[in-house]
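This report describes the architecture of a two-chain model, moving from each chain as a whole to selected elements and residues. Please read it alongside the sequence and coordinates shown here.

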Amino acid sequence: MLSRKYAKTACAAALAALSLGAQAQVSGGSVKIGVLTDLSGTYSDLAGSGAVLATRMAIDDFIANEKPNFKIEVVTADHQNKADIASNKAREWIERENVDTVTELVTTSTALAVMKVAKEKDRLVIMNGPASTPITNEQCNDVSVHYTYDTYAVANGTAKAVTTQGGKSWFFLTADYAFGHALEKDSSTVVLANGGKVVGSVRHPFPGSDFSSFLLKAQASGAQVIGLANAGADTTNAIKQAAEFGITPKQSLAGLLMFITDIHALGLKSTQGMYLTEGFYWDRTDETRAWSKRFFDKQKKMPTMVQAGQYSSIYHYLRAVKAAGTDDTSKVMAMMKKTPINDFFAKNGQIRDDGRMVHDMYLMQVKKPADSKYPWDYYTIKATIPAAEAFQPLALSRCPLIKK
Amino acid sequence: MNAPVSFAESKLPLLLGALFVIGLIAPFAVYPTFLMKILCYALFACAFNLLLGFAGLLSFGHAAFLGTAGYVCGMMVRDVGVTPEVGILAGTVAAGLLGWLFGWLAIKRTGIYFAMITLALAQMVFFLAIQIKETGGEDGLQGVPRGHLFGLLDLSDNIAMYYLVFAIFCFGFFVIYRTIHSPFGQILKAIRENEPRAISLGYDVAKFKLIAFIISAALAGMAGATKTLVFQLASLSDVHWHASGEVVLMTLLGGLGTILGPVVGAATIVTLQTQMPDSVGSWVTVIMGVIFVICVLSFRRGIVGELQALIKRSGVN
């Protein structure tokens, strides 16, 4: 009898200890963030080690400002832009290292692969690098957040703004695969809707290196704007060659998916006058400048929107964990969706039910070399595209989570 | 290039038995998904080695078989809703048929022309994979369920999945082992060593080459289909020519024309690719290149080939 009594007491004590420990309610006493990104390939400039740095900055700032009662750990890995490596790594992190959230994930195929793993294992995914809209449409799920941008926001933003500002006739240079076709289709719809016209388009093989014949067609079309419905190396090669052919600045180019690192690599001489849409520009406000200077001191490069978004999203996630008092996926997700995002990156940013974070986007024009006063002084902000217009409206959503 | 006999060969069954046991207990020590990846690539490399190491045919388009089977298996399991074993079978058959077509065209030429024809055909497959809607383009074919083996055994459990992959690997390995050690395999080696002599002895060389090509393609396909189930996706990287190049590297590094070489080569490369980038970043491609150069300059027989030679030498003394 006595022993049973002892056992009871012991049980009660154990329970008490458990509930005490459970105040933090964070599994393993720590929140573990995985940064899965391209550390060695094409996208390592726009995401890569800069995204890892942004993550660490967010964690350091969060600990300093909010004094959480849980530990925060980071693991990083290179997915080499391969879906199988990403899926393997995410699975390993979740199963063996108890990672709570997998983040960044530039390259859509890696993002989609990790979204499936995370859904199966009930963990969070926060995506900043990938561009494609299926992430928050056909493939959407309730454990994922698509934070920084998507092709709808950058392509439609540019197409609309350029058309309304007088660039009425368009010619598209399109990468010949699904992604390029979608980009062209979406943008030309916007051009037409805003009173512009599409005088023609040409498809180039993907990946391409010699764009001369396609560019000559674009030149002969006499269109005011040449829309580049492609990405990465295709875009940069096309821009370089357009400058060599003397197409720019007579006709202007519109990059439908570009980053400040592309401008930096190409130089202002060949990119001057170009229009593009981004979700962040370091030299926009005092707040963005202050943060970007800190980033620059460590990385020796100004942040891209992906890297700034990574900081903002990680900070938002950690605040949601603290507010929810748990790292439970659905509770944290509910908190993240409930709380608006207000920081240097976004004002009144909101995560919708399809996982899309909506915030203002900015239409930029690349400066002339003579107008650039200091390093990384690349853009003039031509327009702010309000959050409500920047992203695909929920009414058009193809995400099964959105009930209409 | 003579097949090593004597000591190394006579102890082979013992070695294979030991490796089999290691394979059985490995998932309890090492992360199973990682092991499954190694096994898939090992089978892929073994299939490639059957063609290059034993028939002397350098195919530079083997990714086409790996990738096609992956896509076929993924579509069958995800969209048609068949059980995983049927999916793998479908992938294997599809790769075999594609191999028949490729082989039939490619073996009309030899040497560099053969390699270039296979590369060109594989690039066509890559083009199709990126263009048609069903493969998901550059997003890949995502969300393939692992399903239940024979409708019974739940494969979402990593250990269960591992043993299925291990069984498939052993089956594929056994097929290759039997092929090499059969009269058919002897004739393949004869063709590799001296094709005109094989012809003058009355063998229909083209037919033997074609059969070897089909077996190799089908087994590469089996590896690809299995890989799709393991990762629950099929992506463009499997049909990209990089994958065709990687398998050459794996085979050469491990030991061309040795039965275990491709396995060792695949394990080495996959481990390097998975573990290194986290510490060395973009240097990983440079390091791989250096390893390859060192391999072909100083130990051309590959890891297993050199070990065999070492054992052979010490066995004689």
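## Chain A: overall form

Chain A contains 14 helices and 14 strands. Its radius of gyration is 23 Å, close to the 22 Å that the globule rule gives for 404 residues, so chain A is as compact as a globular protein of that length. The model discussed here is a predicted one.

Along the principal axes, the C-alpha atoms of chain A occupy a box of roughly 100 × 45 × 35 Å. Of the 404 residues in chain A, 54% are buried. When contacts between residues at least 6 apart in sequence are considered, 72% of those in chain A link residues at least 24 apart.

## A parallel strand pair in chain A

Strand E1 of chain A, residues 30–37, is mostly covered, with seven of its eight residues buried. Its pairing with strand E2 of chain A, residues 71–78, is parallel and extends over eight bridges. Within this pair, Ser30(A) is placed opposite Lys71(A) of E2(A).

As a general point, side chains in a regular strand alternate between the two faces of the sheet.

## Positive phi values in chain A

Two loop residues of chain A deserve attention for their backbone geometry. Leu105(A), a residue other than glycine, has a positive phi near 60°. It belongs to the loop that joins strand E3 (101–104) and helix H4 (108–121) of chain A. Leu105(A) has 32 other C-beta atoms within 10 Å and is therefore buried.

Trp376(A), also not a glycine, has a positive phi near 65°. The loop that holds Trp376(A) runs between strand E13 (361–366) and strand E14 (379–385) of chain A. Trp376(A) counts as partly exposed because it has 17 C-beta neighbours inside 10 Å.

## Chain B: overall form

Chain B has 15 helices and four strands. A compact globule of 317 residues would have a radius of gyration near 20 Å, and the 19 Å of chain B agrees with this. The box filled by the C-alpha atoms of chain B, taken along the principal axes, is roughly 55 × 45 × 40 Å.

Buried residues account for 49% of the 317 residues in chain B. Among the contacts in chain B with a separation of 6 or more, 77% are between residues 24 or more positions apart.

## Helix H8 of chain B

Helix H8 of chain B spans residues 183–193, and its buried residues include Gly185(B), Leu188(B) and Ile191(B). These three lie on the same side of H8(B), because they cover an arc of only 115° around the axis. In general, an α-helix has 3.6 residues a turn, so residues three or four places apart point the same way.

The face of H8(B) turned away from the buried side bears the exposed residues Pro183(B) and Glu193(B). The cover over the buried residues of H8(B) includes helices H3 (32–55), H7 (158–180), H9 (195–200) and H10 (205–231) of chain B.

## Ala64(B) and its surroundings

Ala64(B) is part of helix H4 of chain B, residues 63–80. It counts as buried because it has 32 C-beta neighbours inside 10 Å. Apart from residues up to four places away in sequence, Ala64(B) touches Leu98(B), Leu121(B), Ala122(B), Val125(B) and Val239(B).

Ala64(B) and Glu193(B) are 129 residues apart along the chain, and their C-alpha atoms are separated by 27 Å.

## The nonpolar core

The largest nonpolar core has 218 residues, of which Val114(A), Ala42(B), Leu43(B), Phe44(B), Val165(B), Ala220(B) and Ala266(B) touch the most other members. The element that gives the most to this core is H3(B), with 18 residues.

With neighbours within four places in sequence left aside, Ala42(B) is in contact with Phe169(B), Pro262(B), Val263(B), Ala266(B) and Ala267(B).

## Contact between the chains

At the interface, 22 residues of chain B are in contact with 27 residues of chain A. On the side of chain B that touches chain A, H3, helix H6 (111–131) and helix H13 (277–280) of chain B each supply at least two residues. H3(B) gives the most to this side, with three residues. The residues of chain B on this side comprise seven nonpolar, 11 polar and four charged.

Definitions and conventions. Residues are numbered from 1 along each chain as its sequence is written. Chains are lettered from A and ligands numbered from 1 in the order in which they are written. This is a predicted model: local features need pLDDT of at least 70, side-chain atom pairs count only at pLDDT 80 or more; totals for chains, interfaces and linings use all residues. A residue is buried if 20 or more other C-beta atoms lie within 10 Å of its own, exposed if 12 or fewer, and partly exposed in between; C-beta atoms are placed from the backbone. The arc is that of the directions from the helix axis to the C-beta atoms. Two residues are in contact if their C-beta atoms, placed from the backbone, lie within 7 Å. A nonpolar core is a set of buried Ala, Val, Leu, Ile, Met, Phe, Trp, Tyr and Cys residues joined through C-beta atoms within 7 Å. Ala, Val, Leu, Ile, Met, Phe, Trp, Tyr, Cys and Pro count as nonpolar, Asp, Glu, Lys and Arg as charged, and the others, Gly among them, as polar. The radius of gyration is taken over C-alpha atoms; the globule rule is 2.2 Å times the number of residues to the power 0.38. Two strands pair if DSSP finds at least two bridges between them.
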